[in-house]
Amino acid sequence: MTEHYAAEALIDYAEALFAAAGLEADKAALVAPLMVEADLMGHTTHGLQLVAPYLAALADGSMTAAGAPEVLSDRGPVVVWDGRRLSGVWLTATAVDLAVERARQYGTCTVSIRRAHHIACLAAFLERATAPGMMVTLTCSDPSVASVAPFGGTRAIYTPDPVAVGIPTSGDPILIDISASITTNGLTNRLHKEGRNLEHDWLIDADGNPSKDPSVLFTDPPGTILPVGGLDHGHKGYGLALIVEALTQALSGHGRADPPEGWGAGIWVQVQDPTAFAGADAFTRQTDRLAELCRTNPPRPGVEAVRLPGDGALARKRTALADGVALYPGIIEGLAEWAGKLGVAAPTPL
């Protein structure tokens, strides 16, 4: 029988673990709900699954536990930070909040961050902007990691390079969270540990042969994840990845041209306030119509109904908040050792 947990109990647990590990109280209080938010939305590889490696990073000093980012530039609607290896989750949430505040003044605001720690689930940040009626674009990359080869190549040079966009409507927002690669490091790592294959040939081995076996990523030399579009149209994902790498690394001035520093992120956040353009009503008139056209589109055989990005995540979130969170197997068990070390009591299932 699958155990369910109250979302608040999981948030309290994560916050207590982070605080006991030395993360500043205000940061622990901001990071914990965002980790659980990922699980609420069904992004189980990028939620509480990451708490243990984050705690390890705090323990070995590769994640900075206290302080603020260094402001490298502030021109009002354009801000650049050096994240100083602080929690990427905290930095990203703080950047989105600042961009929302500045967008009210300038119409738009962009925050570029270099040398952040890992930022977890991009989708978890989007409603921070869409709730007050703003449109947000968020993307990140890790210049110290390479797991995706350029289209036509066989050696990895960049990360899955995710892109997330939150689009307000008069109802539920459209929440897009996609990657420039077909699949992610989180999923391939999980399946490799479990001895399972991917559904399709989303990888290539070191010789360039297509594969669905994640073990090809752990050979010497390793294979790679394919870009979106795969062997036929992977130039599309390749192009998207180059855009992401430029936004997240070139604009912040730190990336693959610099020595690797370990698990981390370059981050790019941009927020637009529709009231500074044609107006909020004009904006939602268009986004509402687009949403209606998509949802009422006749589905093809085998598809119950056409959904918009975010529909499934928000439905899962509502169910989890009402009935409890069913965590992916092994997540609570994976935190038990840290809970014992740090003297934090695990949550009780509902």
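How many aromatic pairs does a search of the whole structure find? It finds one.

1. **Ground rules.** This is a predicted model, where local features need pLDDT of at least 70, side-chain atom pairs count only at pLDDT 80 or more, and totals for chains, interfaces and linings use all residues. Residues are numbered from 1 along each chain as its sequence is written, and side-chain values use heavy atoms, with hydrogens and water left out.

2. **The pair.** Tyr54 and Trp263 form the aromatic pair. Their ring centres are 5.7 Å apart, the planes are at 50°, and the pair is tilted. (Rings of Phe, Tyr and Trp, using its six-membered ring, pair if their centres lie within 6.5 Å; planes under 30 degrees apart are stacked, over 60 edge-to-face, the rest tilted.)

3. **What the pair links.** Tyr54 lies in helix H3 (residues 51-60), and Trp263 in the loop between helix H8 (235-250) and strand E11 (265-272), so the pair ties together parts 209 residues apart in sequence. (Helices, H or I of at least four residues, and strands, E of at least two, are DSSP runs numbered from the N terminus.)

4. **Accessibility.** Tyr54 is buried, at 1% relative accessibility. Trp263 is partly exposed, at 31%. (Buried means under 20% relative accessible area, exposed over 50%, partly exposed in between, with a 1.4 Å probe and protein chains only.)

5. **Helix H2.** This helix covers residues 25-41. Of its 17 residues, 13 are buried, so H2 is largely enclosed by the rest of the structure. Gly42 follows H2, and its phi is positive, near 95°.

Notes:
The expected span of a helix is 1.5 Å times one less than its number of residues.
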